[in-house]
Amino acid sequence: MEQRYSSVRSLVADLRPEKPLHVFRPNAIEEAAYFFMNNFKGRICYAVKTNPDPMVLKHLWSLGITSFDVASMQEIETVKSHLPDAQLYFMHTVKSRAAIRKAYFEFGVRSFSLDTEEELYKILAETENATDLQLFVRLAIPNTYAEMNLADKFGINLSEAAELLELTRGYAQKLGVCFHVGSQCMHSDAYRIAMRMAKQVIDAAGVPVDMLDVGGGYPSIYPGMNPPPIHTYLDAIEEEFEALFSDDQVELICEPGRALVAESGAVIVRVELRKGQNLYINDGTYGSLFDAGGPKWIFPVRLIRPDGPHSASLLPFSFFGPTCDTLDFMKGPFYLPEDISEGDYIEVGQLGAYGRTMGTAFNGFTPEDGTPWVDEPPLMSLYGEHVEAPEVLEIAA
Ligand SMILES: Cc1ncc(COP(=O)(O)O)c(C=O)c1O
(Lines give C-alpha, C1' and ligand atoms only; values in the text may rest on other atoms or scores of the structure.)
Protein backbone atom coordinates (compact mmCIF):
# COMPACT_ATOMS: atom_id res chain seq x y z
CA MET A 1 0.00 0.00 0.00
CA GLU A 2 1.33 3.40 -1.00
CA GLN A 3 1.69 6.20 1.55
CA ARG A 4 -1.43 8.37 1.80
CA TYR A 5 -1.49 12.12 2.50
CA SER A 6 -4.26 14.64 3.09
CA SER A 7 -2.58 17.21 0.83
CA VAL A 8 0.28 17.69 -1.63
CA ARG A 9 1.79 20.24 0.74
CA SER A 10 2.02 17.73 3.59
CA LEU A 11 3.47 15.16 1.22
CA VAL A 12 6.20 17.54 0.00
CA ALA A 13 6.99 18.62 3.56
CA ASP A 14 7.45 14.98 4.51
CA LEU A 15 9.23 13.56 1.47
CA ARG A 16 11.14 16.50 -0.11
CA PRO A 17 11.50 14.43 -3.30
CA GLU A 18 14.84 14.67 -5.07
CA LYS A 19 13.39 13.47 -8.41
CA PRO A 20 9.96 14.12 -10.02
CA LEU A 21 7.34 12.39 -7.91
CA HIS A 22 4.00 11.21 -9.29
CA VAL A 23 0.97 11.33 -7.03
CA PHE A 24 -2.36 9.57 -7.38
CA ARG A 25 -5.77 10.92 -6.39
CA PRO A 26 -8.06 7.92 -5.91
CA ASN A 27 -11.07 10.17 -5.32
CA ALA A 28 -10.67 11.78 -8.75
CA ILE A 29 -10.61 8.46 -10.56
CA GLU A 30 -13.64 7.31 -8.60
CA GLU A 31 -15.58 10.40 -9.53
CA ALA A 32 -14.79 10.01 -13.23
CA ALA A 33 -15.43 6.26 -13.29
CA TYR A 34 -18.76 6.61 -11.48
CA PHE A 35 -19.76 9.40 -13.84
CA PHE A 36 -19.22 7.15 -16.87
CA MET A 37 -20.79 4.14 -15.16
CA ASN A 38 -23.89 6.17 -14.25
CA ASN A 39 -24.29 7.94 -17.56
CA PHE A 40 -22.98 5.74 -20.36
CA LYS A 41 -25.57 3.16 -21.36
CA GLY A 42 -23.22 0.47 -22.55
CA ARG A 43 -19.87 -1.23 -21.99
CA ILE A 44 -16.97 0.92 -20.80
CA CYS A 45 -13.55 -0.21 -22.01
CA TYR A 46 -10.73 1.74 -20.39
CA ALA A 47 -8.04 2.68 -22.95
CA VAL A 48 -4.96 1.24 -21.23
CA LYS A 49 -2.43 3.33 -23.23
CA THR A 50 -3.61 6.42 -21.36
CA ASN A 51 -2.12 5.19 -18.09
CA PRO A 52 -1.15 1.51 -17.77
CA ASP A 53 -0.01 1.78 -14.15
CA PRO A 54 -1.21 -1.42 -12.42
CA MET A 55 -2.44 0.72 -9.54
CA VAL A 56 -4.77 2.55 -11.94
CA LEU A 57 -5.91 -0.67 -13.62
CA LYS A 58 -6.66 -2.34 -10.29
CA HIS A 59 -8.43 0.71 -8.96
CA LEU A 60 -10.69 0.90 -12.03
CA TRP A 61 -11.41 -2.81 -11.67
CA SER A 62 -12.34 -2.38 -8.02
CA LEU A 63 -14.79 0.34 -9.05
CA GLY A 64 -16.45 -1.96 -11.60
CA ILE A 65 -14.67 -1.29 -14.91
CA THR A 66 -13.74 -4.74 -16.16
CA SER A 67 -13.19 -4.25 -19.91
CA PHE A 68 -9.98 -2.83 -21.34
CA ASP A 69 -8.93 -1.53 -24.75
CA VAL A 70 -5.36 -2.69 -25.37
CA ALA A 71 -3.01 -1.82 -28.22
CA SER A 72 0.02 -4.07 -27.75
CA MET A 73 1.21 -7.40 -26.39
CA GLN A 74 2.84 -5.58 -23.47
CA GLU A 75 -0.49 -3.99 -22.51
CA ILE A 76 -2.23 -7.37 -22.74
CA GLU A 77 0.39 -8.95 -20.48
CA THR A 78 0.21 -6.08 -17.99
CA VAL A 79 -3.57 -6.21 -17.68
CA LYS A 80 -3.78 -10.00 -17.53
CA SER A 81 -1.00 -10.32 -14.96
CA HIS A 82 -2.96 -8.11 -12.55
CA LEU A 83 -6.53 -8.80 -13.66
CA PRO A 84 -6.72 -12.33 -15.08
CA ASP A 85 -10.48 -12.10 -15.67
CA ALA A 86 -10.38 -8.79 -17.55
CA GLN A 87 -12.21 -8.63 -20.87
CA LEU A 88 -9.72 -7.41 -23.49
CA TYR A 89 -10.38 -5.61 -26.77
CA PHE A 90 -7.29 -5.52 -29.03
CA MET A 91 -8.17 -2.29 -30.83
CA HIS A 92 -4.97 -1.39 -32.69
CA THR A 93 -5.77 -1.75 -36.39
CA VAL A 94 -2.20 -2.77 -37.28
CA LYS A 95 -0.98 -5.72 -35.20
CA SER A 96 1.96 -8.05 -35.63
CA ARG A 97 1.10 -11.62 -36.59
CA ALA A 98 2.80 -12.91 -33.43
CA ALA A 99 0.76 -10.55 -31.26
CA ILE A 100 -2.53 -11.67 -32.82
CA ARG A 101 -1.64 -15.35 -32.35
CA LYS A 102 -0.48 -14.94 -28.76
CA ALA A 103 -3.44 -12.72 -27.86
CA TYR A 104 -5.92 -15.28 -29.20
CA PHE A 105 -4.33 -18.55 -28.07
CA GLU A 106 -2.56 -17.56 -24.83
CA PHE A 107 -4.69 -14.73 -23.48
CA GLY A 108 -8.15 -15.61 -24.76
CA VAL A 109 -8.62 -12.34 -26.67
CA ARG A 110 -11.53 -12.56 -29.09
CA SER A 111 -12.09 -8.90 -30.02
CA PHE A 112 -9.91 -7.28 -32.67
CA SER A 113 -10.17 -4.15 -34.80
CA LEU A 114 -9.10 -3.70 -38.41
CA ASP A 115 -9.30 -1.12 -41.18
CA THR A 116 -8.03 -3.12 -44.17
CA GLU A 117 -8.73 -6.39 -45.92
CA GLU A 118 -5.08 -7.35 -45.31
CA GLU A 119 -5.47 -7.05 -41.53
CA LEU A 120 -8.67 -9.12 -41.67
CA TYR A 121 -6.82 -11.94 -43.44
CA LYS A 122 -3.91 -11.65 -40.98
CA ILE A 123 -6.32 -12.06 -38.05
CA LEU A 124 -8.00 -15.04 -39.69
CA ALA A 125 -4.70 -16.74 -40.52
CA GLU A 126 -3.15 -16.23 -37.08
CA THR A 127 -6.26 -17.40 -35.22
CA GLU A 128 -6.45 -20.43 -37.56
CA ASN A 129 -9.76 -19.31 -38.99
CA ALA A 130 -11.42 -18.99 -35.61
CA THR A 131 -15.20 -18.86 -35.68
CA ASP A 132 -15.62 -17.02 -32.37
CA LEU A 133 -14.16 -13.65 -33.35
CA GLN A 134 -15.63 -10.24 -32.56
CA LEU A 135 -14.31 -8.02 -35.35
CA PHE A 136 -14.59 -4.24 -35.40
CA VAL A 137 -14.14 -2.27 -38.63
CA ARG A 138 -12.67 1.12 -37.77
CA LEU A 139 -13.98 4.08 -39.76
CA ALA A 140 -11.94 7.20 -40.50
CA ILE A 141 -14.09 9.95 -39.05
CA PRO A 142 -13.06 13.60 -39.48
CA ASN A 143 -11.42 14.71 -36.21
CA THR A 144 -12.64 18.28 -36.70
CA TYR A 145 -13.33 19.07 -33.05
CA ALA A 146 -10.30 17.32 -31.54
CA GLU A 147 -7.16 18.91 -30.17
CA MET A 148 -5.26 15.73 -31.11
CA ASN A 149 -6.03 14.30 -34.53
CA LEU A 150 -5.96 10.52 -35.02
CA ALA A 151 -7.91 10.23 -38.27
CA ASP A 152 -4.99 10.53 -40.67
CA LYS A 153 -3.40 7.39 -39.30
CA PHE A 154 -6.24 4.98 -38.61
CA GLY A 155 -9.59 4.02 -40.11
CA ILE A 156 -10.95 3.16 -43.53
CA ASN A 157 -12.37 5.91 -45.75
CA LEU A 158 -16.14 6.00 -45.57
CA SER A 159 -16.43 5.44 -49.34
CA GLU A 160 -14.67 2.04 -49.01
CA ALA A 161 -15.98 1.03 -45.60
CA ALA A 162 -19.24 -0.67 -46.60
CA GLU A 163 -17.39 -3.20 -48.73
CA LEU A 164 -14.97 -4.09 -45.89
CA LEU A 165 -17.85 -4.36 -43.45
CA GLU A 166 -19.71 -6.74 -45.72
CA LEU A 167 -16.59 -8.86 -46.22
CA THR A 168 -15.83 -8.96 -42.48
CA ARG A 169 -19.42 -10.03 -41.71
CA GLY A 170 -18.67 -13.33 -43.43
CA TYR A 171 -15.98 -14.20 -40.87
CA ALA A 172 -17.13 -12.56 -37.63
CA GLN A 173 -19.23 -14.24 -34.97
CA LYS A 174 -20.02 -10.68 -33.91
CA LEU A 175 -19.45 -7.67 -36.15
CA GLY A 176 -18.76 -4.17 -34.88
CA VAL A 177 -18.09 -0.70 -36.18
CA CYS A 178 -15.72 1.57 -34.29
CA PHE A 179 -14.24 5.03 -34.66
CA HIS A 180 -12.34 7.67 -32.71
CA VAL A 181 -13.41 11.31 -32.95
CA GLY A 182 -9.88 12.41 -31.93
CA SER A 183 -8.48 13.03 -28.49
CA GLN A 184 -9.53 15.97 -26.31
CA CYS A 185 -12.66 16.43 -28.41
CA MET A 186 -14.09 19.87 -27.72
CA HIS A 187 -17.69 19.40 -28.90
CA SER A 188 -20.26 16.66 -28.34
CA ASP A 189 -21.58 17.06 -31.90
CA ALA A 190 -18.49 15.15 -33.03
CA TYR A 191 -20.12 11.98 -31.67
CA ARG A 192 -23.47 12.73 -33.30
CA ILE A 193 -21.82 13.25 -36.68
CA ALA A 194 -19.67 10.14 -36.33
CA MET A 195 -22.63 7.96 -35.32
CA ARG A 196 -24.65 9.17 -38.29
CA MET A 197 -21.74 8.37 -40.59
CA ALA A 198 -21.44 4.91 -39.05
CA LYS A 199 -25.16 4.33 -39.62
CA GLN A 200 -24.83 5.32 -43.29
CA VAL A 201 -21.97 2.87 -43.78
CA ILE A 202 -23.90 0.08 -42.05
CA ASP A 203 -26.97 0.75 -44.20
CA ALA A 204 -24.85 0.81 -47.35
CA ALA A 205 -23.26 -2.53 -46.42
CA GLY A 206 -26.69 -4.03 -45.83
CA VAL A 207 -25.44 -6.46 -43.18
CA PRO A 208 -26.47 -6.73 -39.53
CA VAL A 209 -24.06 -5.21 -37.03
CA ASP A 210 -23.85 -6.37 -33.42
CA MET A 211 -21.70 -3.66 -31.78
CA LEU A 212 -21.11 0.07 -32.10
CA ASP A 213 -17.95 1.32 -30.42
CA VAL A 214 -17.89 5.11 -30.15
CA GLY A 215 -14.27 5.12 -29.00
CA GLY A 216 -12.45 7.62 -26.82
CA GLY A 217 -11.99 11.36 -27.18
CA TYR A 218 -13.93 12.63 -24.13
CA PRO A 219 -12.03 15.67 -22.90
CA SER A 220 -10.41 16.73 -19.69
CA ILE A 221 -10.00 20.33 -18.56
CA TYR A 222 -6.77 22.31 -18.88
CA PRO A 223 -6.00 26.04 -18.57
CA GLY A 224 -7.31 27.66 -21.74
CA MET A 225 -8.98 24.41 -22.89
CA ASN A 226 -12.33 24.41 -21.21
CA PRO A 227 -14.70 21.92 -22.84
CA PRO A 228 -18.50 21.93 -22.56
CA PRO A 229 -19.96 19.97 -19.61
CA ILE A 230 -18.95 16.34 -19.83
CA HIS A 231 -22.55 15.12 -19.57
CA THR A 232 -23.34 16.74 -22.96
CA TYR A 233 -21.09 14.14 -24.61
CA LEU A 234 -22.82 11.15 -23.07
CA ASP A 235 -26.25 12.74 -23.60
CA ALA A 236 -25.45 13.20 -27.29
CA ILE A 237 -24.36 9.57 -27.62
CA GLU A 238 -27.46 8.29 -25.82
CA GLU A 239 -29.84 10.40 -27.93
CA GLU A 240 -28.19 9.50 -31.19
CA PHE A 241 -28.01 5.81 -30.32
CA GLU A 242 -31.68 5.86 -29.45
CA ALA A 243 -32.57 7.58 -32.72
CA LEU A 244 -30.40 5.46 -35.00
CA PHE A 245 -30.03 2.03 -33.45
CA SER A 246 -32.92 1.50 -31.04
CA ASP A 247 -34.64 -0.98 -33.36
CA ASP A 248 -31.56 -3.14 -33.74
CA GLN A 249 -29.88 -5.47 -31.27
CA VAL A 250 -26.68 -3.43 -31.10
CA GLU A 251 -24.33 -3.32 -28.10
CA LEU A 252 -22.93 0.14 -27.37
CA ILE A 253 -19.27 0.39 -26.29
CA CYS A 254 -16.94 3.27 -25.46
CA GLU A 255 -13.18 3.47 -24.90
CA PRO A 256 -12.47 6.49 -22.69
CA GLY A 257 -8.91 7.21 -21.67
CA ARG A 258 -8.14 10.84 -20.84
CA ALA A 259 -11.51 11.70 -19.24
CA LEU A 260 -11.29 8.76 -16.84
CA VAL A 261 -7.79 9.27 -15.51
CA ALA A 262 -6.37 12.75 -16.31
CA GLU A 263 -7.45 14.29 -13.02
CA SER A 264 -6.10 11.41 -10.95
CA GLY A 265 -2.44 12.12 -11.65
CA ALA A 266 -0.02 14.96 -10.97
CA VAL A 267 3.74 15.30 -10.79
CA ILE A 268 5.70 17.21 -8.17
CA VAL A 269 8.76 18.80 -9.78
CA ARG A 270 11.53 20.91 -8.27
CA VAL A 271 13.05 24.14 -9.55
CA GLU A 272 16.79 23.59 -9.99
CA LEU A 273 17.58 27.05 -11.37
CA ARG A 274 15.80 30.24 -12.33
CA LYS A 275 16.93 32.43 -15.25
CA GLY A 276 14.53 35.34 -15.49
CA GLN A 277 11.16 33.90 -16.39
CA ASN A 278 12.59 30.51 -17.39
CA LEU A 279 12.52 27.84 -14.71
CA TYR A 280 14.85 24.84 -15.07
CA ILE A 281 12.88 21.99 -13.52
CA ASN A 282 13.72 18.31 -12.98
CA ASP A 283 11.04 16.88 -15.33
CA GLY A 284 10.37 17.68 -18.98
CA THR A 285 9.27 16.60 -22.42
CA TYR A 286 11.29 13.37 -22.21
CA GLY A 287 9.60 12.71 -18.89
CA SER A 288 5.95 13.22 -18.07
CA LEU A 289 5.54 16.61 -19.79
CA PHE A 290 5.66 15.56 -23.45
CA ASP A 291 2.42 17.37 -24.30
CA ALA A 292 3.69 20.61 -22.76
CA GLY A 293 6.54 20.56 -25.30
CA GLY A 294 5.72 20.14 -29.01
CA PRO A 295 1.92 20.30 -28.64
CA LYS A 296 2.38 23.31 -26.27
CA TRP A 297 -0.38 22.25 -23.89
CA ILE A 298 -0.68 24.24 -20.72
CA PHE A 299 -1.13 22.26 -17.52
CA PRO A 300 -2.40 23.68 -14.23
CA VAL A 301 0.43 24.46 -11.79
CA ARG A 302 0.84 25.67 -8.23
CA LEU A 303 3.85 26.46 -6.10
CA ILE A 304 4.47 24.20 -3.12
CA ARG A 305 6.85 25.84 -0.62
CA PRO A 306 6.29 24.01 2.64
CA ASP A 307 8.63 26.16 4.74
CA GLY A 308 7.27 29.64 4.34
CA PRO A 309 5.09 32.16 2.57
CA HIS A 310 5.45 33.26 -1.03
CA SER A 311 4.47 36.27 -3.06
CA ALA A 312 0.82 36.81 -3.92
CA SER A 313 1.68 38.15 -7.39
CA LEU A 314 1.90 35.84 -10.36
CA LEU A 315 4.17 35.97 -13.39
CA PRO A 316 4.09 33.86 -16.57
CA PHE A 317 6.97 31.36 -16.69
CA SER A 318 8.34 28.88 -19.23
CA PHE A 319 10.03 25.62 -18.22
CA PHE A 320 13.21 23.92 -19.39
CA GLY A 321 13.45 20.20 -18.65
CA PRO A 322 16.56 18.47 -17.29
CA THR A 323 17.95 16.83 -20.47
CA CYS A 324 20.60 18.28 -22.80
CA ASP A 325 18.09 18.72 -25.65
CA THR A 326 16.85 22.24 -26.35
CA LEU A 327 13.55 20.68 -27.48
CA ASP A 328 13.09 19.89 -23.80
CA PHE A 329 11.28 23.20 -23.46
CA MET A 330 7.73 23.94 -22.31
CA LYS A 331 6.62 27.36 -23.39
CA GLY A 332 3.58 27.69 -21.15
CA PRO A 333 2.78 30.29 -19.92
CA PHE A 334 2.69 28.73 -16.48
CA TYR A 335 1.54 31.32 -13.94
CA LEU A 336 3.46 31.07 -10.68
CA PRO A 337 4.39 33.44 -7.83
CA GLU A 338 6.93 36.04 -8.91
CA ASP A 339 9.40 35.09 -6.15
CA ILE A 340 9.65 31.41 -7.14
CA SER A 341 13.25 30.26 -6.86
CA GLU A 342 15.61 27.31 -6.73
CA GLY A 343 14.48 24.60 -4.34
CA ASP A 344 10.77 25.38 -4.68
CA TYR A 345 8.43 22.58 -5.68
CA ILE A 346 5.67 22.86 -8.29
CA GLU A 347 2.65 20.61 -8.60
CA VAL A 348 1.77 20.06 -12.27
CA GLY A 349 -1.76 18.70 -12.53
CA GLN A 350 -3.92 16.75 -15.02
CA LEU A 351 -1.10 14.30 -15.77
CA GLY A 352 -2.95 11.07 -15.05
CA ALA A 353 -3.50 10.76 -18.81
CA TYR A 354 -0.56 10.54 -21.22
CA GLY A 355 1.85 11.76 -18.50
CA ARG A 356 4.23 9.29 -16.88
CA THR A 357 3.40 6.75 -19.58
CA MET A 358 5.15 8.95 -22.20
CA GLY A 359 8.35 9.21 -20.15
CA THR A 360 11.78 7.96 -21.18
CA ALA A 361 15.04 7.60 -19.24
CA PHE A 362 16.89 9.89 -21.70
CA ASN A 363 20.02 11.38 -20.14
CA GLY A 364 19.42 9.31 -17.01
CA PHE A 365 16.49 11.37 -15.74
CA THR A 366 13.75 9.25 -14.22
CA PRO A 367 11.02 9.84 -11.62
CA GLU A 368 10.98 8.64 -8.04
CA ASP A 369 9.73 5.11 -7.49
CA GLY A 370 6.31 4.82 -5.92
CA THR A 371 3.20 6.92 -6.26
CA PRO A 372 1.79 8.26 -2.98
CA TRP A 373 -1.95 8.80 -2.70
CA VAL A 374 -3.43 12.21 -1.97
CA ASP A 375 -6.96 12.90 -0.75
CA GLU A 376 -7.05 16.55 -1.82
CA PRO A 377 -9.15 17.40 -4.93
CA PRO A 378 -7.29 17.86 -8.25
CA LEU A 379 -6.19 21.35 -9.40
CA MET A 380 -8.97 21.39 -12.00
CA SER A 381 -12.00 19.14 -12.46
CA LEU A 382 -14.75 18.47 -14.95
CA TYR A 383 -16.67 16.53 -12.36
CA GLY A 384 -18.49 17.88 -9.32
CA GLU A 385 -17.50 21.09 -7.62
CA HIS A 386 -13.77 20.51 -7.54
CA VAL A 387 -12.51 23.41 -9.62
CA GLU A 388 -10.10 24.72 -7.03
CA ALA A 389 -9.34 28.46 -7.01
CA PRO A 390 -5.67 29.20 -7.53
CA GLU A 391 -3.78 29.82 -4.30
CA VAL A 392 -2.94 33.37 -5.28
CA LEU A 393 -5.22 35.53 -7.35
CA GLU A 394 -3.39 38.77 -7.97
CA ILE A 395 -1.59 38.81 -11.35
CA ALA A 396 1.58 40.93 -11.52
CA ALA A 397 1.77 43.48 -14.34
C1 LIG B 1 -8.30 3.02 -30.20
C2 LIG B 1 -8.28 4.05 -29.12
N3 LIG B 1 -9.26 4.02 -28.19
C4 LIG B 1 -9.29 4.90 -27.17
C5 LIG B 1 -8.32 5.87 -27.04
C6 LIG B 1 -8.41 6.82 -25.87
O7 LIG B 1 -8.64 8.10 -26.30
P8 LIG B 1 -8.90 9.31 -25.28
O9 LIG B 1 -7.77 9.32 -24.32
O10 LIG B 1 -8.91 10.50 -26.17
O11 LIG B 1 -10.22 9.07 -24.63
C12 LIG B 1 -7.29 5.96 -28.00
C13 LIG B 1 -6.27 7.01 -27.91
O14 LIG B 1 -5.40 7.17 -28.72
C15 LIG B 1 -7.27 5.02 -29.08
O16 LIG B 1 -6.29 5.04 -30.00
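Which residues does L212 touch, not counting residues up to four places away in sequence? I looked this up first. The model is predicted. L212 touches V177, F179, M195, A198, F241, F245, V250, E251, L252 and I253.

**Entry: the core around L212**

I then looked up the core. L212 belongs to the largest nonpolar core, which has 111 residues. L212, V214, Y218 and I346 are the residues with the most contacts inside it. Next I checked the domains. Domain 1 (4-22 + 263-395) and domain 2 (26-261) both give residues to this core, so the core lies between them.

**Entry: another core**

I also noted another core, apart from the largest one. This core has 11 residues, including V8, L21, I304 and Y345.

**Entry: backbone**

I went on to the peptide bonds. The bond from G332 to P333 is cis, and its omega is near 10°. I placed P333 in strand β17, residues 329-337.

Then I looked up phi. N129 is not a glycine, yet its phi is positive, about 55°. I found N129 in the loop between α6 (117-126) and β7 (134-138). Q350 is not a glycine either, and has a positive phi of about 60°. Q350 sits in the loop between β18 (345-348) and β19 (373-374).

Are N129 and Q350 buried or exposed? N129 is exposed, with a relative accessible area of 56%. Q350 counts as buried, at 1% relative accessibility.

Terms used. Residues numbered from 1 in each chain as written. Predicted model: local features only at pLDDT ≥ 70, side-chain atom pairs only at ≥ 80, totals over all residues. Heavy atoms only, no water. Core = buried A, V, L, I, M, F, W, Y, C linked by side-chain atoms within 4.5 Å. Buried < 20%, exposed > 50% of the residue type's maximum accessible area, 1.4 Å probe, protein only. Domains from an automatic or database assignment. Contact = heavy atoms within 4.5 Å. Helix = DSSP H or I, 4+ residues; strand = E, 2+ residues; numbered from the N terminus.
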